[in-house]
Amino acid sequence: MSSLIKLEDITKSYQLGESTYTALKGINLEIQRNEMTAIVGVSGSGKSTLMNIVGFLDRCTSGRYLFAGDDTSHLNDDQLATIRNKNIGFVFQSFFLLPRSSALQNVMLPLFYRGIDQADAKEKALSMLDKVGVAHLADHRPNQLSGGQQQRVAIARALVGDPEVILADEPTGALDSATGHEVMTLFTNLNRNEGRTIVIITHDKEVSRQCKRVVSIKDGKIE
Ligand code: ADP
Ligand code: MG
């Protein structure tokens, strides 16, 4: 079996006027199905740049990215979007929930993009909210929820399309440490009980301690 994610000598450079800044300097990384991996590094080390490439939100400058054995390096933007929508569930530090929509509507949204009918979508979304422990808050809007509850809704939204991998960029960064620990326990259980492949990006050693595998990144290189 090939790795789910395989990065081969990936670089990423940003053009800043006349000068070029290289944020990733030859990353080699393999992540297997059912793994739970933390990617740790200080601010500015290249973590979000790496996550954006892994999640098909951005493309590398050079190198090869194999996803489930397929080389994705030469795909166009539409093809990358298709892979992304099908395979990647994102969780962000600041939740990114739609403020005027209920928790339930937020979780249903990715299913609309897939053309799943309303009744089906509602049932799936409710079962995801139940899985993350906030089904009783389905009718609440984000501003009626605590940070931890909002992140649970965001995790339900990431899970609802049954993606191959969940990518979480500083998912506990906006939470107090006890709530952050609860959210990490939720990820750990999703990995352990359902075999979910999860990649957690963090600068927090306390968070990475809850992951089986820890990959350190420093100045755009894996240590
Ligand atoms: P981290 O998530 O580890 O804090 P980032 O991946 O966001 O780090 O950034 C890595 C480096 O790349 C930083 O020096 C940052 O300033 C630079 N960088 C990130 N995104 C851009 C961009 N769009 N344009 C220019 N430089 C960027
Ligand atoms: Mg970052």
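## Helix pair and sheet

Helix 5 crosses helix 6 in a right-handed sense. This is a predicted model. Helix 5 covers residues 147-159, and helix 6 covers residues 177-194. Their axes come within 10 Å and cross at roughly 20°. Angles under 35 degrees count as roughly parallel, so helix 5 is roughly parallel to helix 6.

Residues from both helices build the contact. Helix 5 brings Gly148, Gln151, Arg152, Ile155 and Leu159. Helix 6 answers with Thr179, Glu182, Val183, Leu186, Phe187 and Leu190. By class, the contact has six nonpolar, three polar and two charged residues.

Four strands make an open sheet, ordered 2-1-4-5, with antiparallel pairing. Strand 2 and strand 5 stand at the edges. Each has a single partner strand, so one side of each lacks a neighbour in the sheet.

| Strand | Residues |
|---|---|
| Strand 1 | residues 5-16 |
| Strand 2 | residues 19-31 |
| Strand 4 | residues 62-67 |
| Strand 5 | residues 70-71 |

Strand 1 and strand 2 pair in the antiparallel sense over ten bridges. In this pairing, Gln15 stands opposite Thr20 of strand 2.

Helix 1, residues 47-54, packs on the sheet. Helix 1 touches strand 1, strand 2 and strand 4. The direction of helix 1 makes about 120° with that of strand 1.

Conventions: Residues are numbered from 1 along each chain as its sequence is written. Chains are lettered from A and ligands numbered from 1 in the order in which they are written. This is a predicted model: local features need pLDDT of at least 70, side-chain atom pairs count only at pLDDT 80 or more; totals for chains, interfaces and linings use all residues. Side-chain values use heavy atoms; hydrogens and water are left out. Axes are lines fitted to C-alpha atoms, for helices over the stretch in contact, and angles run from 0 to 180 degrees between N-to-C directions. Helices (H or I, at least four residues) and strands (E, at least two) are DSSP runs, numbered from the N terminus. Angles under 35 degrees count as roughly parallel, over 145 as roughly antiparallel, 65 to 115 as roughly perpendicular and the rest as oblique. A crossing is left-handed if the near helix is turned anticlockwise from the far one by less than a right angle, and right-handed if clockwise. Contact means heavy atoms within 4.5 Å. Ala, Val, Leu, Ile, Met, Phe, Trp, Tyr, Cys and Pro count as nonpolar, Asp, Glu, Lys and Arg as charged, and the others, Gly among them, as polar. Two strands pair if DSSP finds at least two bridges between them.
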